[in-house]
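Please read the points below beside the sequence and the model.

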Amino acid sequence: MANILQWFPRTTAPFIANAPMFGFADAGLATAVTKAGGFGFIGGGFDFRSESTQLLGLDTQLVDARSILGLTDSSPLPLGVGFITFQPDGIIDNAIPILQKHRVGAVWLSFPRADTDHLPIIKAIQKAQGSSDWDTKIFVQVGTIKAAEEALKQGVDVLVVQGADAGGHQWAQCASLISLLPEIRDLLSKAQDTTTAILAAGGIVDERGLCCCSRLRWVVPHLIAGADGIVMGTRFVATSECPAPSAIKQTIVSGRDGGASTVKSIRHDVFQSTDLFPRQYDGRAIIGVNYEDSRDGVSDEEIIRRYNAAKEAGEHQRRTVWAGASIGSINAVVSVEHVVQSTQQGVKVILGRLNTGF
């Protein structure tokens, strides 16, 4: 059995990671997750050219993370970096050396143009590990059975299984975790794969989502739904350590009935001129002013003009608020430590009820 807690000894059970949300998952958020007993990820971006400001910023973020955690330059860094890979040119030559220099504990790859595109990146990471004192685990985000099958062939360490309730970018045609997780777990069972770990992502904001998705074999072996741990994204945006604007956090906190108040669409990117993702992906966001304007017949050009005008004025009311379908269960902006530890404590309460027959 893969034991993700042994791979990352600073983590506590159950395993909780934050999604590497580019722009929001910075050194402050990632280190707070790690210090709370979870595993933190920094969003590394999608531009891997030699002149990329994203890579320059990542290098700075990793230096800051080491300082925040009080680690020497020679110590491994107990957090990970996530990359968006649909434009992979330069990632091997320009991004991997930064990860190797800082000896990050994990590399998360997501959203390739084709599932096979990750193979040369994975091989390059493995080669870099073999030539230096760098031990890292490779996470690959998947949203379909086909993507999971390809990732398993490539020898990844962790499958991050993303369901349709997730906030932000995801597979346009996908299933919820309740059906996707068991089928992917079956893939591993049929292959007698005991080394690959599975994390559940998409619509999880507290211990209830964790218990629905996790195998929890460390306490209750008969609860076998599929995952060895969880990833939360939207829940970590609404924390005091996240650098998201307060207006975005309050929009999430005030949200209700996520099945009706959020929607999966490529339109969210179109409205703010960030429509870069291949068409097999879309994104879930809160239905806001831009989306309502579009439904009322306002042209894309006019919506983009209105968005740009609001942005120049420093206003956030037209900014896309990526959020999952479980926003109705997020009721306050709290600390990262509170999110991690209350979720872990909540699991123990639920298991106590199971042990007493409710």
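1. Basis of the note. This is a predicted model, in which local features need pLDDT of at least 70 and side-chain atom pairs count only at pLDDT 80 or more, while totals for chains, interfaces and linings use all residues. Residues are numbered from 1 along each chain as its sequence is written, and side-chain values use heavy atoms, with hydrogens and water left out.

2. Helix 2 and helix 3. Helices (H or I, at least four residues) and strands (E, at least two) are DSSP runs, numbered from the N terminus. The axes of helix 2 (residues 27–35) and helix 3 (residues 53–68) come within 9 Å and cross at roughly 35°; axes are lines fitted to C-alpha atoms, for helices over the stretch in contact, and angles run from 0 to 180 degrees between N-to-C directions. A27, G28, T31 and K35 of helix 2 touch Q61, D64, A65 and I68 of helix 3, where contact means heavy atoms within 4.5 Å. This contact has 3 nonpolar, 3 polar and 2 charged residues (Ala, Val, Leu, Ile, Met, Phe, Trp, Tyr, Cys and Pro count as nonpolar, Asp, Glu, Lys and Arg as charged, and the others, Gly among them, as polar).

3. Helix 4 and helix 5. Helix 4 and helix 5 (residues 118–130) pack at an angle of about 40°, their axes being 10 Å apart. That angle makes helix 4 oblique to helix 5 (angles under 35 degrees count as roughly parallel, over 145 as roughly antiparallel, 65 to 115 as roughly perpendicular and the rest as oblique). I91, I92, I96 and Q100 of helix 4 meet P120, I121, A124, I125 and A128 of helix 5. By class, 8 of these residues are nonpolar, 1 is polar and none is charged.

4. Helix 6 and helix 7. How are these two helices oriented to each other? Helix 6 and helix 7 (residues 177–190) pack at about 30°, with axes 10 Å apart, and are therefore roughly parallel to each other. From helix 6, I145, A148, E149 and L152 meet L180, E183, I184, L187 and L188 in helix 7. The contact divides into 7 nonpolar, no polar and 2 charged residues.

5. The cavity. The structure holds 1 cavity of 30 Å³ or more. On a 1 Å grid over the protein atoms alone, a cavity is a set of points where a 1.4 Å probe fits but cannot get out, and a pocket is an open set with protein on both sides within 12 Å along at least five of seven lines; lining residues have an atom within 4 Å of a point. The largest cavity has a volume of about 60 Å³, a volume being the space filled by probe spheres set on the points, which are joined across faces, edges and corners. Its lining includes P112, H118 and W171, and the largest share, 3 residues, comes from strand 5.

6. The second largest pocket. This pocket holds about 330 Å³ of space. Of its 20 lining residues, W7, F8, P76, P78 and G105 lie nearest its centre. The lining has 10 nonpolar, 5 polar and 5 charged residues.

7. Two backbone features. A cis peptide bond joins A13 and P14, with omega about -10°; P14 lies in the loop between helix 1 (4–7) and strand 1 (15–18). R103 has a positive phi of about 55° although it is not a glycine, and R103 is found in the loop between helix 4 (91–102) and strand 4.
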